[in-house]
Structure formats: structure tokens, C-alpha cells
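Please read them with the coordinates open.

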Amino acid sequence: MLSANNKTAMASNKSSRTHQALALLLFFLLTLSSAHAKDGIAMYWGQKNGDGTLTSICDTGNFEIVNLASLSTFGCGRTPEWNFAGHCRPWSRCKKLAPEIKHCQRNGVKVFLSLGGADGFYSLCSPEDAKSVSDYLYNNFLSGRKGPFGSVYLDGIDLDIEGGSNLYWDDLARGLDTRRKQDRYFYLSAAPECSFTDHYLDTAIRTWLFDYIFVQFYNNPPCQYSNGDASRLLSSWNTWTSYVKRNNTVFMGLPAGPDAAPSGGYISPQDLCTKVLPTIKHTPNYGGVMLWDRYRDITNHYGDQIKDCVEVDDSVRGSQTLMATLSNTVYECVSAAFNRIVPKLRPF
Ligand SMILES: *[C@@H]1O[C@H](CO)[C@@H](O)[C@H](O)[C@H]1NC(C)=O
């Protein structure tokens with residue numbers, strides 16, 4: 001029989017081993033989540049000839065994601081068609097982009113195909129139609145098989161749905177998610193407007209399947225920056241970032257020049273770095289800044305000017321990661337894993 005003293009010693013031994021196990025788990029989770037959470041700038045390219053080559057964007061070292069804009073015709077039986085301004089004719093193979101896409105990827109830049117846009121002919125007619133569009137996208141752009149760019153594995157699909165109908169975009173997201181789970185993972189992003197909730201994309205956003213949400217805080221006076229006043233912008237940012245899940249990384253979408261958004265929302269790089277970013281960087285699902293578009297970025301050097309203040313420094317990152325780690329699903333993972341380990345540690 002154990003003496004009372006022995007029991008106490010064993011109990012405290014057990015609890016210190018339990019603490020060690022918990023500390024180890026947290027350490028792994030912290031390492032994991034900081035490897036995932038790299039913040040940066042996402043850039044739209046392809047709507048003006050003056051926006052240069054894809055290679056030249058990726059060589060700046062300023063960007064983490066490039067969105068090729070846009071696949072502007074698809075769905076309801078339409079023959080898919082893109083609009084890349086003068087870069088490629090409206091609908092022809094655009095194989096010259098394949099080596100440039102690969103160049104970007106080798107340099108650590110993710111390349112997404114953006115669907116939709118302000119001008120286009122697109123909509124989905126049924127869940128089956130959504131499924132066939134997701135198959136089309138997978139086969140032509142995400143599988144390495146021969147498609148209109150040649151053989152490429154794009155890193156993701158972006159939904160910038162601003163017209164047509166608001167139906168079945170959730171089915172499209174689910175269709176793509178099924179494909180990425182079967183084979184190679186690719187990212188999904190959505191670019192809603194800041195007016196909450198987004199008319200076209202809300203149902204899709206509520207699948208929570210989007211790795212990135214590029215909220216457009218421009219051309220929307222009720223939720224954008226104006227005349228030095230960031231209050232509406234910040235309040236809308238809080239609404240969005242608390243609405244989506246912690247694993248849906250939110251980017252603040254902004255015009256790269258005053259003329260990029262006729263109805264406003266432009267923030268000078270100085271104001272962004274001093275009045276906006278220091279606040280929003282503390283949001284656990286902050287991912288960085290999205291810019292529309294590369295053409296204005298070239299003239300304004302916007303990315304060059306904001307690059308250093310977009311990144312979250314390590315002290316903020318630490319507390320942010322800890323918060324994210326202890327939240328939502330991750331918390332459940334910790335307790336599930338913990339419960340599995342604890343019985344094994346029991347000395348009795
Ligand atoms: C985010 O987590 C939810 C569970 O809360 C999951 O259903 C969803 O697939 C995840 N999304 C991403 C992009 O990983």
C-alpha cells in the first residue's frame with residue numbers, strides 16, 4: 001500500500017508531466033501556426049496593358065499572392081473566356097504566361113486565377129452547373145494537365161463575384177474543396193465588398209472554406225476611409241474579421257492609387273502605416289493588404305511604400321498566435337490530443 005506521502009509525490013509528478021505535455025503541444029501548435037501565418041500583400045494583375053509582366057511583379061519581392069484577373073465569362077453553359085486586357089487576346093491560349101507563373105511560384109509567390117470582376121458574363125445555373133465549373137477549373141488550371149495556360153498548377157482560385165446572380169457560389173466553393181481534398185491542396189479566396197453582408201458572396205463565405213478573404217474597402221462610402229477618418233473603415237474591419245472563422249485570413253483590400261477607386265477609399269501609404277495598420281495588425285486573422293491593381297501600383301509605388309509596415313512584428317505575432325491557438329477548433333484539437341495523452345501518463 002502506498003503511504004500518503006508517496007501518493008502526493010506521485011500526484012505532483014503526474015501533474016508536472018501533464019504540464020510538460022501541454023507545453024510541448026502548445027509549442028508544436030505555435031510553430032505550426034506561425035509557419036502558416038505569413039502576412040503580406042496580395043495584388044491583382046491583368047486589367048491594363050501598363051501593368052507589366054507577371055515576372056516583373058514577382059521580381060519586386062513585394063507580393064505574396066498575385067491574382068490573375070479575370071476569367072470573366074463562364075457558367076450556365078457559356079464557353080469560358082478571360083479578359084487579360086492586352087496581355088492575351090480575349091479568348092486564346094495564353095501559354096506565354098506558363099513560364100511566368102512558374103517563375104513566380106519558384107520565387108515563393110502564389111498565383112491565383114480570379115473569377116468574375118466588375119465586367120463579365122458569368123453566373124451559375126444550378127448545383128450541377130457549379131460542379132461542372134469546378135471540374136473545368138480543376139482540370140484546366142489546378143491539375144497540371146494541359147489547359148489554356150499550358151500545363152500549370154495554379155495555387156488557388158479567387159471569387160470576385162460582383163454581378164449576375166448570387167446563387168450556387170457556395171456549391172462552387174464546396175466543389176473545389178472536394179477536389180483539393182482528393183489530391184493536391186490549393187487555396188480558395190473570395191473578394192467581397194465591405195458592405196456587410198456581401199450580396200453575391202455571403203452564402204459562399206459561410207461555408208468557411210476560403211483560406212483568404214480580400215475585403216474591398218473601396219467604392220463603398222459607408223465602410224471606407226475618407227478624409228483622414230478611419231472610423232468607418234475600422235469598424236467594418238472589425239465586423240468582417242469577427243464574422244469569419246479564425247482560419248479565414250482577412251486582407252484589407254485597398255486601391256493602389258486614387259484613380260483605382262472612383263467612389264473613394266484611397267489611403268495614402270503614410271496614413272495606412274500610421275493610422276490603420278498598427279490597429280488592424282492585432283486582429284488574430286489579419287493577413288495583410290490586398291491591392292487593386294498592379295497598374296496603379298507601378299505609378300504610385302504603393303507596394304514599395306507599405307511593404308515594411310504590412311508585416312506583423314514578432315511580439316504582436318506571438319500574442320496573436322497564442323490567442324488563435326487557444327481559440328475555436330484549435331482549442332478542441334488541444335483538448336482532444338490532451339485527453340489522449342493524459343490517460344497514458346497516469347501512473348496508476
Ligand atoms: C476552417 O475551419 C472550419 C471548421 O471550423 C472548417 O470547416 C473549414 O474547412 C476550415 N477552412 C479552411 C479554409 O481551412
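1. Strand S1 (residues 40-45) is mostly covered, with six of its six residues buried. Buried here means that 20 or more other C-beta atoms lie within 10 Å of the residue's own; exposed means 12 or fewer, partly exposed is in between, and C-beta atoms are placed from the backbone. Strands (E, at least two residues) and helices (H or I, at least four) are DSSP runs, numbered from the N terminus.

2. This is a predicted model: local features need pLDDT of at least 70, side-chain atom pairs count only at pLDDT 80 or more, and totals for chains, interfaces and linings use all residues. Residues are numbered from 1 along each chain as its sequence is written.

3. S1 has two parallel partners to check. Four bridges join S1 to strand S12 (residues 286-292), in the parallel sense; Gly40 stands opposite Gly288 there. Strand S2 (residues 65-74) also runs parallel to S1, over four bridges, and Ala42 faces Ile65 across that pairing. Pairing requires that DSSP finds at least two bridges between the strands.

4. Strand S10 (residues 212-216) is largely enclosed by the rest of the structure, because five of its five residues are buried. Both faces are covered. Tyr212, Phe214 and Gln216 lie on one side, Ile213 and Val215 on the other.

5. Which strands does S10 pair with? Strand S9 (residues 187-190) runs parallel to S10, with two bridges; Ala190 stands opposite Ile213. Strand S11 (residues 249-255) is also parallel to S10, joined by five bridges. Tyr212 has Thr249 of S11 as its bridge partner. From S10 the chain crosses through helix H7 (residues 231-243) to S11, a right-handed β-α-β crossover. Right-handed means that, with the strands pointing away from the viewer, the path from the first strand over the helix to the second runs clockwise.

6. The length of H7 checks out. Its 13 residues should span 18 Å at 1.5 Å a residue, and its end C-alpha atoms are 18 Å apart, which agrees. The expected span is 1.5 Å times one less than the number of residues.

7. Leu233, Ser236, Trp237, Trp240 and Thr241 are buried. Seen down the helix axis, the buried residues fall within an arc of 130°, so they line one face of H7; the arc is taken from the directions from the axis to the C-beta atoms. Ser231, Ser235 and Ser242, on the other side, are exposed.

8. What covers the buried residues of H7? The cover includes S10, S11 and helix H8 (269-280), where contact means C-beta atoms, placed from the backbone, within 7 Å.

Conventions: Contact = placed C-beta atoms within 7 Å.
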